[in-house]
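Here is a short briefing to read alongside the sequence and the model. Have both open as you go through the points below.

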Amino acid sequence: MKQLKQILILAIAGFALASCVTSRKVNYMQEPDKYIPSYADTLSYEEYQLRIGDRLYVYVYSLNESIMRMYNSGGGANGSQMRYQANNGGQYGSYELYTYLVDEEGNMDFPTIGKIYVQGLTTREVKHKLEEELSKLLNELPGGYSTVSVEVNIVNRSFSIIGAQSGRYMITKEKMTIFEALAQAGDLGEFNSRKEIKLVREKNGVTTIKTFDVRSKDIVNSEYYYIEPNDIIYIRQIPGYSFGINHVTTVLSVTAATISFGVFIYSIVQTGINHVQKHYGSGAGGNGNNGNGGAQ
């Protein structure tokens, strides 16, 4: 019984320690080793290329107020708020009224110009294309107002997280990193895996899945560092960690409480066994004496 008690105590202590979530499992910016991968220096930020379904907010600047009013239906205060929301990846009211959809053929329909093919272009390239087309068109008007400046922003830029902190989140800056994306979602929590983050990305009609360890310091120089609009980030729970312990003091207190409970149960069971043995043992002895007496 003593040996069984010791085995029980060791098993309980081992379970408590095994359930401990160490800093090694949750800390970022760790040096690569045999457990944390090293990534090649492949960092190369590529400007987002427009896709079907994107919405563009376009604002035309000109010294001619009539031209400003003609092209900027969301001018004035609304225009300022729309530009702020567009620059920060947000939405403002019925933004469809002030934005241009990239249709199924990859075109956007712009006033006085008509359809312009923009699929696969960056916002910078669309800006230059619109400025060129508008300058040629306006130069033919009386007064020759050929000089215009155009601002182009993507309004509905977002990424999604499934698994932990599931939800759809807005991209709030031009170049958003994986750390900024996770921070916006409230980080990962203690029991979510950081070593097998999956990123699902669709580009030019092809869907790719990238898997990486976000704990590695090398992540900042890799292809996984920047996210793009419409990315899906999948985060899974650490297997076996639906219950876990994250501090040494918690480990000790849980271990002590568990051992105390185990000892309490053991003492009750042992008391019952001793009582049964004493009762039936003495009863068996009495019967034996009575039988011997009758025989004499």
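Arginine 124 and glutamate 47 form a salt bridge in this predicted model, with 3.3 Å between the closest N and O atoms. This pair links distant parts of the chain, 77 residues apart. Arginine 124 sits in helix 5 (residues 123–138), while glutamate 47 belongs to the loop between helix 2 (23–26) and strand 1 (55–61). Glutamate 47 has 30% relative accessibility, so this residue counts as partly exposed.

- A search through the whole structure turns up 12 salt bridges.
- Helix 5 also holds a local pair: lysine 136 and glutamate 133 both lie in this helix, three residues apart, or about one turn.
- Their closest N and O atoms are 3.9 Å apart in the salt bridge.
- Lysine 136 is partly exposed at a relative accessible area of 47%, and glutamate 133 is partly exposed too, at 28% relative accessibility.
- Another salt bridge joins the side chains of lysine 210 and glutamate 223, at 3.0 Å from N to O.
- That pair links distant parts of the chain, 13 residues apart: lysine 210 is in strand 9, and glutamate 223 is in the loop between strand 9 and strand 10 (232–235).

- In what order do the five strands of the open sheet run? The order is 7-6-10-8-9, and the pairing is mixed.
- Strand 7 (167–170) and strand 9 stand at the edges with a single partner strand each, so one side of each has no neighbour in the sheet.
- From one strand to the next, the twist averages 20 degrees.

- Strand 8 (residues 197–203) and strand 9 (residues 206–212) run antiparallel and are joined by seven bridges.
- Isoleucine 197 in strand 8 faces phenylalanine 212 in strand 9 as its opposite residue.
- Leucine 199 stands opposite lysine 210 in strand 9, and lysine 210 is the residue whose side chain meets glutamate 223 in a salt bridge.

**Positive phi in two loops**

- Threonine 112 is not a glycine, yet it has a positive phi of about 70 degrees.
- Look for threonine 112 in the loop between strand 3 (107–110) and strand 4 (114–117), where it is partly exposed at 49% relative accessibility.
- Asparagine 230, again a residue other than glycine, has a positive phi near 75 degrees.
- The loop between strand 9 and strand 10 contains asparagine 230, and glutamate 223 lies in that loop as well.
- Asparagine 230 has a relative accessible area of 41%, which means it is partly exposed.

**A nonpolar surface patch**

- Which residues form the nonpolar patch on the surface? They are Phe261, Phe264, Ile265, Ile268, Val269 and Ile273, and together they have about 540 Å² of accessible area.
- Isoleucine 268 is placed in helix 7 (residues 248–295).
- With a relative accessible area of 45%, isoleucine 268 is partly exposed.

**The chain as a whole**

- The protein chain has seven helices and 10 strands.
- Of its 296 residues, 35% are buried.
- Among contacts between residues at least 6 apart in sequence, 64% join residues at least 24 apart.
- The accessible surface of the chain comes to about 17000 Å², and 55% of this belongs to carbon and sulfur atoms.

Definitions and conventions: Residues are numbered from 1 along each chain as its sequence is written. This is a predicted model: local features need pLDDT of at least 70, side-chain atom pairs count only at pLDDT 80 or more; totals for chains, interfaces and linings use all residues. Side-chain values use heavy atoms; hydrogens and water are left out. Two strands pair if DSSP finds at least two bridges between them. Helices (H or I, at least four residues) and strands (E, at least two) are DSSP runs, numbered from the N terminus. Patches are made of residues with over 30% relative accessible area and no salt bridge: like charges are joined within 9 Å, nonpolar side chains (Val, Leu, Ile, Met, Phe, Trp, Tyr) within 5 Å. Accessible areas come from the Shrake-Rupley method with a 1.4 Å probe; for residues, only the protein chains shown count as cover. A salt bridge is a side-chain nitrogen of Lys or Arg within 4 Å of a carboxyl oxygen of Asp or Glu. Buried means under 20% relative accessible area, exposed over 50%, partly exposed in between (1.4 Å probe, protein chains only). Contact means heavy atoms within 4.5 Å. Axes are lines fitted to C-alpha atoms, for helices over the stretch in contact, and angles run from 0 to 180 degrees between N-to-C directions.
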